[in-house]
Amino acid sequence: MQIVIISDIHDSRDHLAVILDQASAADVLICCGDLCSPFIVVQLGEGFAKPIHVVFGNNDGDLFRITQQASRFSHMTLHGEFAELTCGGKRIAVSHFPEIARALAASDRYDLVCYGHDHQHVIDTDGGTVIVNPGEVYGGLTGITSYAVYDTVTGVAKRRDVD
């Protein structure tokens, strides 16, 4: 199973469209927060037909409207500030914040821990846990638009950059 991990969209519709196109063969999409506006939820729901799991970040302003838009898509789940999932037999935790993600990884309860917030791409391990910050969809802070793909069979995460 292939899991696409994105974060920190910050309303960047064009970059998100490219990633959704590239990610169309994946089985699951995880968003680690900072969608920002409700229209991004619609773009996610229309652009990726398989399960989508979203946690909120510190820049998700209108949670009422984001939730309202997400209710249009039966394949999208909003988890609040924390998600605990099982996909492809892997135990996965998702938070927006690095400090929380590092603590979750240290617990040794998860195979994969995903986070965002600081826009810095990271693929690391803590014991048997893979830790992934996919970088930013936005691309405006670091100058790089990136995401990650995690393979549940191999347990390997790989960075993908968008030109």
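**Cores.** I started with the largest nonpolar core, which has 27 residues; such a core is a set of buried Ala, Val, Leu, Ile, Met, Phe, Trp, Tyr and Cys residues joined through side-chain atoms within 4.5 Å. Ile6, Ile9, Leu29, Leu35 and Leu44 have the most contacts inside it. I noted that at least two core residues come from each of strand 1, helix 1 (13–22), strand 2, helix 2, strand 3, helix 3 (63–70) and strand 10. Helix 2 gives the most, with four residues. Another core, of 18 residues, lies apart from it and includes Ile5, Val132, Ala148 and Tyr150. A reminder to myself: nonpolar side chains in soluble globular proteins tend to be buried together.

**Ground rules.** I am working from a predicted model, where local features need pLDDT of at least 70 and side-chain atom pairs count only at pLDDT 80 or more, while totals for chains, interfaces and linings use all residues. Residues are numbered from 1 along each chain as its sequence is written, and side-chain values use heavy atoms, with hydrogens and water left out. By buried I mean under 20% relative accessible area, by exposed over 50%, and partly exposed is in between (1.4 Å probe, protein chains only). Helices (H or I, at least four residues) and strands (E, at least two) are DSSP runs, numbered from the N terminus.

**Ile9.** Which residues does Ile9 touch, leaving aside neighbours within four places in sequence? With contact meaning heavy atoms within 4.5 Å, I found Leu16, Cys31, Gly33, Asp34, Leu35, Ile40, Leu44, Val137 and Tyr138.

**Helix 1.** Leu16, Ile19 and Leu20 are the buried residues here. They sit on the same side of helix 1, because they cover an arc of only 100° around the axis (the arc of the directions from the helix axis to the C-beta atoms). I saw that these buried residues pack against strand 1, strand 2, helix 2, strand 10 and strand 11. On the face turned away from the buried side are the exposed residues Asp14 and Asp21.

Next I traced an open sheet of six strands, in the order 4-3-2-1-10-11 with mixed pairing; two strands pair if DSSP finds at least two bridges between them. Strand 4 (76–78) and strand 11 (156–162) are its edges, each pairing on one side only. Helix 2 (residues 38–47) packs on the sheet and touches strand 1, strand 2 (28–31), strand 3 (52–54) and strand 4.

**Strand 10.** Is this strand enclosed or open, and why? Seven of its seven residues are buried, so strand 10 is largely enclosed by the rest of the structure. I checked both faces: Thr145, Tyr147, Val149 and Asp151 are buried on one side, as are Ser146, Ala148 and Tyr150 on the other. Strand 10 (residues 145–151) runs antiparallel to strand 1 (residues 2–6), and four bridges join them. Ile3 stands opposite Tyr150, and Ile5 opposite Ala148. With strand 11, strand 10 pairs in the antiparallel sense over seven bridges, and Thr145 stands opposite Val162. Four residues lie between the strands of this hairpin, where Gly155 takes a positive phi near 75°.

**Whole chain.** I counted four helices and 11 strands in the protein chain. Of its 163 residues, 52% count as buried.

Note on methods: Axes are lines fitted to C-alpha atoms, for helices over the stretch in contact, and angles run from 0 to 180 degrees between N-to-C directions.
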